[in-house]
Amino acid sequence: MNLEEFVIALPKAELHLHIEGTLEPEMMFELARRNAVPLPWDSVEATRVAYDFSNLQSFLDLYYAGAAVLLHEQDFHDLALAYLERAHADGVVHAELFFDPQTHTLRSVPFSTVLDGLERACVEAQQRWGMSTRLIMSFLRHLSEEDGFATLDEARPHLHRLHGVGLDSSELGHPPSKFERLFAECRRLGLPVVAHAGEEGPPEYIFEALDLLQSQRIDHGVRASEDPALMARLAREQIPLTVCPFSNVRLRVFDTLAEHNLKTLLDAGLNVSINSDDPAYFGGYVAQNYIDTAAALSLSRAEIKRIARNSLQASFVSDAQRRPWL
Ligand code: HPA
Ligand code: ZN
């Protein structure tokens with residue numbers, strides 16, 4: 001079995017995936033036409049050429065511009081179903097999707113429109129491919145605490161349809177501590193918490209995500225390797241890191257895949273998984289992330305298996321549901 005066949009055959013969960021980041025330029029242009037929304041680019045090709053990022057912010061600027069074509073329930077459905085079909089082809093048996101309600105409600109798209117479309121696609125994925133899914137509502141950290149509370153209020157009638165909350169967008173200057181009260185309220189409502197930390201931000205932000213937000217996983221977390229005490233804690237407490245190698249290279253966290261610290265994290269005993277983050281923008285879906293990372297870091301098949309197993313163990317499915325895969 002070659003590496004690609006081996007990777008695709010492994011049952012795996014994708015735990016770090018922004019559904020807005022799966023908007024391929026072809027679909028962006030189709031929805032722009034369908035919804036009569038102007039785009040800043042002339043063609044699909046010009047759009048791909050523009051995806052030359054220098055850091056997280058330069059990506060986010062384009063990511064929010066692209067998301068402007070998403071207006072109707074059908075748009076969110078089509079977006080999510082296309083991702084889920086692609087993930088299924090990569091051997092993903094379970095996917096936990098982040099969505100950013102504020103990106104849409106700020107453009108007057110109702111919260112329920114977003115959720116209805118995503119949820120309908122998730123139901124179809126279960127019926128067609130037996131995939132299980134979770135929806136995680138992510139707060140945009142460049143916006144205020146007050147905005148976050150307003151979004152939580154919009155979400156209140158739908159809490160039974162959400163499986164957790166996350167924290168994403170521009171990290172530097174927006175530490176987890178900014179949202180301590182918002183996340184305390186989310187936990188009080190019974191929502192599990194995850195947070196992006198240590199992508200561009202320092203190890204201190206990872207400590208804050210753990211101690212102030214009680215984050216159950218850390219999204220990215222690669223800068224943990226700068227702090228030995230943090231590394232020891234992440235290993236001891238087996239706090240999952242949802243690592244996204246292509247994203248880290250495209251956003252210049254590491255210069256090349258060969259310089260990525262995923263193997264260092266793995267060797268230190270951390271629960272590391274591989275995820276695609278925003279695959280339409282970063283050059284590949286989850287299986288390609290596994291394949292290229294394994295090749296660049298000379299990962300053994302046992303290590304690749306362990307990463308896939310980590311992803312299932314770190315997911316928000318109960319043991320009874322998880323058992324068939326493990
Ligand atoms: N980091 C922060 N915010 C994001 C990302 C990311 O990698 N992708 C989409 N929103
Ligand atoms: Zn992310």
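Student: What does "buried" mean here?

Tutor: Buried means under 20% relative accessible area, exposed over 50%, and partly exposed in between, with a 1.4 Å probe and protein chains only. Y63 has a relative accessible area of 3%, so Y63 is buried. The model is predicted: local features need pLDDT of at least 70, side-chain atom pairs count only at pLDDT 80 or more, and totals for chains, interfaces and linings use all residues. Residues are numbered from 1 along each chain as its sequence is written, chains are lettered from A and ligands numbered from 1 in the order in which they are written, and side-chain values use heavy atoms, leaving out hydrogens and water.

Student: How should I read a pair of aromatic rings?

Tutor: Two quantities describe such a pair: the distance of the centres and the angle of the planes. Rings of Phe, Tyr and Trp (its six-membered ring) pair if their centres lie within 6.5 Å; planes under 30 degrees apart count as stacked, over 60 as edge-to-face and the rest as tilted. The whole structure holds 11 aromatic pairs. One of them is F53 with F59, edge-to-face at 5.5 Å centre to centre and 80° between the planes. Both F53 and F59 are buried. Y63 and Y281 also pair edge-to-face, at 6.1 Å and 70°.

Student: Why does the pair of Y63 and Y281 tie parts together?

Tutor: Y63 lies in helix α4 (residues 56–67) and Y281 in helix α14 (residues 279–282), so the pair links parts 218 residues apart in sequence. Helices are DSSP runs of H or I, at least four residues; strands are E runs of at least two; numbering starts from the N terminus. Y281 is buried, at 1% relative accessible area. Ring pairs join Y63 and Y281 into a cluster with Y51, F53, F59, Y64 and F282.

Student: How do I read the sides of a helix?

Tutor: An α-helix has 3.6 residues a turn, so residues three or four places apart point the same way. In α9, L182, F183, E185 and C186 are buried. They share one side of α9, because their arc around the axis is only 155° (directions run from the helix axis to the C-beta atoms). R181 and R188, on the other side of α9, are exposed.

Student: What do the buried residues of α9 pack against?

Tutor: They pack against β3 (132–140), α8 (145–155), β4 and β5 (194–197). Contact means heavy atoms within 4.5 Å.

Student: Which residues have a charge over their ring?

Tutor: The test is NZ of Lys or CZ of Arg within 6 Å of the ring centre and within 35 degrees of the ring normal. K12 lies over the face of Y290, 5.8 Å from the ring centre. R217 lies over the face of F316, at 4.3 Å.
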